[in-house]
Amino acid sequence: MIGARSGIQGRSVLVVEADRDILSVIERLFGHFQIKVDCVTSAAASLDRLKTRDYRTMITDLDIPDMDSLELVRKARERSPDLNVVLYSCSSSEQAMQLVFDPKVSDVSDVPRKPCTFGEMLRIVKNATGRTFLLE
């Protein structure tokens, strides 16, 4: 299991997604890897959560309705500079499952559009800080 072996196990991930079905898919995925997930349905709620909790990673939909996702990333990094961020876009739980099973992950922090797999991203997130990934 990636979570148990990589050291991510026990670390919280904050997921920001307005669609509760997609949230459920993401929560189950990380639960499979024994990674604790806190889910919120708005950018405002995620920023409130970042005030009171320490997260290694935030996963957010590019199209979160109450704030531009890049603005959310900027504000989140002001509160937590070492936060890793994963941006994705999907409009259904089926698309979320496709992202899980056949993802293209690009590291947009160091080398623009450098692809890796979802599993590699989880391993990077274990040790990385302040990185941004695009899951497409």
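Helices (H or I, at least four residues) and strands (E, at least two) are DSSP runs, numbered from the N terminus.

Asp38 counts as buried because its relative accessibility is 6%, whereas Arg49, at 26%, counts as partly exposed. Buried means under 20% relative accessible area, exposed over 50%, and partly exposed in between (1.4 Å probe, protein chains only). Arg49 and Asp38 also belong to a network of salt bridges that links them with Lys36 and Arg53. In the whole structure, seven salt bridges are found.

## Basis of the model

The model is predicted: local features need pLDDT of at least 70, side-chain atom pairs count only at pLDDT 80 or more, and totals for chains, interfaces and linings use all residues. Residues are numbered from 1 along each chain as its sequence is written, and side-chain values use heavy atoms, with hydrogens and water left out.

## Packing of helices α3 and α4

Helix α3 (residues 43–52) and helix α4 (residues 69–79) have axes that come within 10 Å and cross at roughly 10°. The two helices are therefore roughly parallel. Axes are lines fitted to C-alpha atoms, for helices over the stretch in contact, and angles run from 0 to 180 degrees between N-to-C directions. Angles under 35 degrees count as roughly parallel, over 145 as roughly antiparallel, 65 to 115 as roughly perpendicular and the rest as oblique.

Helix α3 contributes Ala43, Ser46, Leu47, Leu50 and Lys51 to the contact, and helix α4 contributes Leu72, Lys75, Ala76 and Arg79; contact means heavy atoms within 4.5 Å. These residues comprise five nonpolar, one polar and three charged. Ala, Val, Leu, Ile, Met, Phe, Trp, Tyr, Cys and Pro count as nonpolar, Asp, Glu, Lys and Arg as charged, and the others, Gly among them, as polar.

## Salt bridges within the helices

Lys51 forms a salt bridge with Asp48, their closest N and O atoms being 3.7 Å apart. Both residues lie in helix α3, three residues apart, about one turn of the helix. Lys51 is exposed at 55% relative accessibility, while Asp48 is partly exposed at 45%.

Lys75 and Glu71 are four residues apart, so about one helical turn separates them. Lys75 is partly exposed at 28%, and Glu71 is partly exposed at 26%.

Methods: Salt bridge = Lys/Arg side-chain N within 4 Å of Asp/Glu carboxyl O.
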